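User: I'd like to learn how to read a model like this one, feature by feature. Could you walk me through it?

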Amino acid sequence: QVQLVESGGGLVQPGGSLRLSCAASGSFFSVNTMAWYRQGPGKERDLVAQITNGGSTNYADSVKGRFTISRDNAENTVYLQMNSLKPEDTAVYYCYARVLRGLSWVDYWGKGTLVTVSS
């Protein structure tokens, strides 16, 4: 009943920018932590950025200073602004959300959106 729908992926040149969006919809009381993960070719899925319901953030060392995670709680949406993109940022980016349904916290994942950084 809960869906995370990502958008904003695509092809971008090195040094360029993209903004990813992920909107949570369905049946839930509230959204707690939201995050972006990515999985590059031959890599494991790894945390890129995380934001709590209170707005505190964590970033992978590889993206610090380049990426910014933010959220709009009224719209249950999380964003990832990606600047100064590098070829090594190429990956499928997955949205994550911890959602309160009744008395339970449930983890949900989006289907992923592909970001390709190439000339």
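This is a predicted model: local features need pLDDT of at least 70, side-chain atom pairs count only at pLDDT 80 or more; totals for chains, interfaces and linings use all residues.

User: How many bridges join E9 to E10, and in which sense do the two strands run?

Analyst: The general idea comes first. Strands of a sheet pair through backbone hydrogen bonds, and the pairing is either parallel or antiparallel. Here E9 and E10 run antiparallel, with six bridges joining them. The two strands form a hairpin with two residues between them. In that turn, Gly 102 has a positive phi of about 65°.

User: Let's zoom out. How many helices and strands does the protein have?

Analyst: There are eleven strands and zero helices. Read along the sequence, that gives the pattern β-β-β-β-β-β-β-β-β-β-β. As for overall size, the radius of gyration is 14 Å, close to the 14 Å that the globule rule gives for 119 residues, so the protein is as compact as a globular protein of that length. The C-alpha trace spans about 45 × 25 × 25 Å along its principal axes.

User: And what share of the residues counts as buried?

Analyst: Of the 119 residues, 42% count as buried. A related number is sequence separation: among contacts between residues at least 6 apart in sequence, 54% join residues at least 24 apart.

User: What strand order does the open sheet of four strands have?

Analyst: The order is E1-E3-E8-E7, and the pairing is antiparallel. Strand E1 (3-7) and strand E7 (67-72) stand at the edges with a single partner strand each, so one side of each has no neighbour in the sheet. On average, neighbouring strands of this sheet are turned by 15° against each other, direction ignored.

User: Next, covalent links. Which cysteines form a disulfide?

Analyst: In general, a disulfide is a covalent bond between the sulfur atoms of two cysteines. In this model Cys 22 and Cys 95 form one, with their sulfur atoms 2.0 Å apart. The cut-off for calling a disulfide is 2.5 Å between the sulfurs, and by that rule the count comes to one. The torsion about the S-S bond of Cys 22 and Cys 95 is about -85°, so the disulfide is left-handed. The pair links distant parts of the chain, with Cys 22 in strand E3 (residues 18-25) and Cys 95 in strand E9 (residues 91-101), 73 residues apart.

User: Are those two cysteines buried or exposed?

Analyst: Both Cys 22 and Cys 95 are buried. Cys 95 also turns up among the contacts of Gly 110, along with Leu 4, Glu 6 and Tyr 94, once neighbours within four places in sequence are left aside. Gly 110 lies in the loop between strand E10 (104-109) and E11. At 9% relative accessibility, Gly 110 counts as buried, too.

User: How do I read a single side chain's surroundings? Where is Thr 113 found?

Analyst: Thr 113 is found in strand E11 (residues 113-117). With 12% relative accessibility, Thr 113 counts as buried. Its side chain reaches the backbone nitrogen of Gly 9 at 3.4 Å. Beyond four places in sequence, Thr 113 is in contact with residues including Glu 6, Leu 20 and Tyr 93.

User: And which residues does Val 115 touch?

Analyst: Val 115 lies in strand E11 as well. Its relative accessible area is 0%, so Val 115 is buried. Not counting residues up to four places away in sequence, its contacts include Gly 10, Leu 18, Met 82 and Thr 90.

User: Let's finish with Thr 90. Which backbone nitrogen does its side chain reach?

Analyst: That of Val 117, at 2.9 Å. A polar atom of the Thr 90 side chain also lies 2.9 Å from the backbone oxygen of Pro 87. Thr 90 itself is found in the loop between E8 and E9.

Terms used: Residues are numbered from 1 along each chain as its sequence is written. Side-chain values use heavy atoms; hydrogens and water are left out. Buried means under 20% relative accessible area, exposed over 50%, partly exposed in between (1.4 Å probe, protein chains only). A polar contact is a pair of N or O atoms within 3.5 Å; within protein, one must be able to donate a hydrogen and the other to accept it, and residues adjacent in sequence count only if both atoms are side-chain atoms. Contact means heavy atoms within 4.5 Å. Two strands pair if DSSP finds at least two bridges between them. Axes are lines fitted to C-alpha atoms, for helices over the stretch in contact, and angles run from 0 to 180 degrees between N-to-C directions. The radius of gyration is taken over C-alpha atoms; the globule rule is 2.2 Å times the number of residues to the power 0.38.
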